[in-house]
Amino acid sequence: MTRNVYFDHNATTPLDPVVREAMLPWLGIPANASSRHQFGRSARHALEQAREQVAAAVSAHPSQVVFTGSGTEADNFAIRGICSTLKPGHLAVSAIEHPAVMKPAQALLQRGWKLTKIAVEKTGKVGIRNLEEALQQPAALVSIMLANNETGVVQDIPALSGIARRHGAIMHTDAVQALGKMPLDFNAFGVQAMSLSGHKIGGPQGTGALVLDKRLDIQPLLYGGGQEKGRRSGTENIAAIVGFGMACELLMHRPKVEIELRDELEVGLRALGAAIFGAEAQRVPNTSFFAIPGIDGETLVMALDRAGYAVASGSACSSDSSDPSPVLLAMGISPELAQGAVRVSLGSGNTAQEIQGFLQALRGELSRMQTMSALAV
């Protein structure tokens, strides 16, 4: 039987066994952190311990961490929550943002806001000049993701946030794909808001956080019992939050994906004629986004799945769309080549043997697809 190999860690990661063990006791305890009895006090202690763990992972103070139900909620909280405190004006987001940022930004158009998509260079980087041009019209809020979920390209957030501050704008960064793959320092980045997610780092799905500058004014998305100091009402999911905290605690001990593994993959991909997107820029070490000219990405993803390799055609959060990746189109990639895009995102458990097996399977599938295409002519 073919062994299934998981190469889709940017979509979600396997739950770490240590995280699972930390969560298990809280699945059987009636844990409401707002209750005053012993059960509630224990839940409150666990909640605050997890807050400290998440804060430590990004060099922030625990009081700056607001737990959410996902990275998507954290992004929405940042965009909508900040703008709700301001008169309708101008906001600027990069053209390569995740839908969790782009869609709430577009929704604000109905409330009188104006939106500028910040252009990116062919490498996938937001250049200094790109941001300066976007801010010729003063903006209240700028949002630029730290590491792109498709290409893995890393942005120079400290430099970009400095420009945003100079123009009087609040700066938010979606760091969901960066956590666990590169050092994060909330204060050094110079941002006022940073989104995180638990299930990208071996934690449970349904967990996220928004890290906030203490001076930032923000309106909650959810009103109710006033949890999270009134910033995010709703009874906290203690088991999941404990898991998120433990996943952050383990980051310093978990083996990192070695860049040599991705480099080995890309040597093989180039030998097959692949174009690798964002390869000229700094990237997180686990991500490779490529296309083989003339090969449809969705078809190749399904063929590789049958061969035992789980990869993606782009963002899992927009996988229902058959349109070319907006990220690649923003980078100036032709729609025809972008239609063939396939993403491999490695995890610490992947091996060089799996990389070689994948390349062999890919070679076989390409040969089969090209033969079928020739016969159809």
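**Exercise 1.** Find which strands helix H9 lies across, and its angle to E10.

*Solution.* This model is predicted. Start at helix H9, residues 259-271. The helix lies across E9, E10 and E12. Its direction runs at about 5° to E10.

**Exercise 2.** Work out the strand order in the open sheet of three strands, and name its edge strands.

*Solution.* Step one: the order is E9-E10-E12, with antiparallel pairing. Step two: look for strands that pair on one side only. These are E9 (275-276) and E12 (342-345), the edge strands. Step three: check one pairing. E10 (residues 287-291) and E12 run antiparallel and are joined by four bridges. Within that pairing, Thr-287 has Ser-345 in E12 as its bridge partner.

**Exercise 3.** Determine how strand E6 pairs with E5 and with E7.

*Solution.* Recall that strands of a sheet pair through backbone hydrogen bonds, either parallel or antiparallel. Take E5 (residues 141-143): its pairing with E6 is parallel, over three bridges. Here Leu-141 is partnered by Ile-170 in E6. Now take E7 (residues 193-197): three bridges join this strand to E6, and the two run parallel. His-172 stands opposite Ala-193 in E7. E5, H6 and E6 form a right-handed β-α-β unit.

**Exercise 4.** Are the residues of E6 buried or exposed, and which way do they point?

*Solution.* Apply the cut-off: buried means under 20% relative accessible area. Five of the five residues in E6 (170-174) are buried. Next, sort them by direction. Ile-170, His-172 and Asp-174 point one way. Met-171 and Thr-173 point the other way.

Conventions
Residues are numbered from 1 along each chain as its sequence is written. This is a predicted model: local features need pLDDT of at least 70, side-chain atom pairs count only at pLDDT 80 or more; totals for chains, interfaces and linings use all residues. Side-chain values use heavy atoms; hydrogens and water are left out. Buried means under 20% relative accessible area, exposed over 50%, partly exposed in between (1.4 Å probe, protein chains only). Two strands pair if DSSP finds at least two bridges between them. A crossover is right-handed if, with the strands pointing away from the viewer, the path from the first strand over the helix to the second runs clockwise. Contact means heavy atoms within 4.5 Å. Axes are lines fitted to C-alpha atoms, for helices over the stretch in contact, and angles run from 0 to 180 degrees between N-to-C directions.
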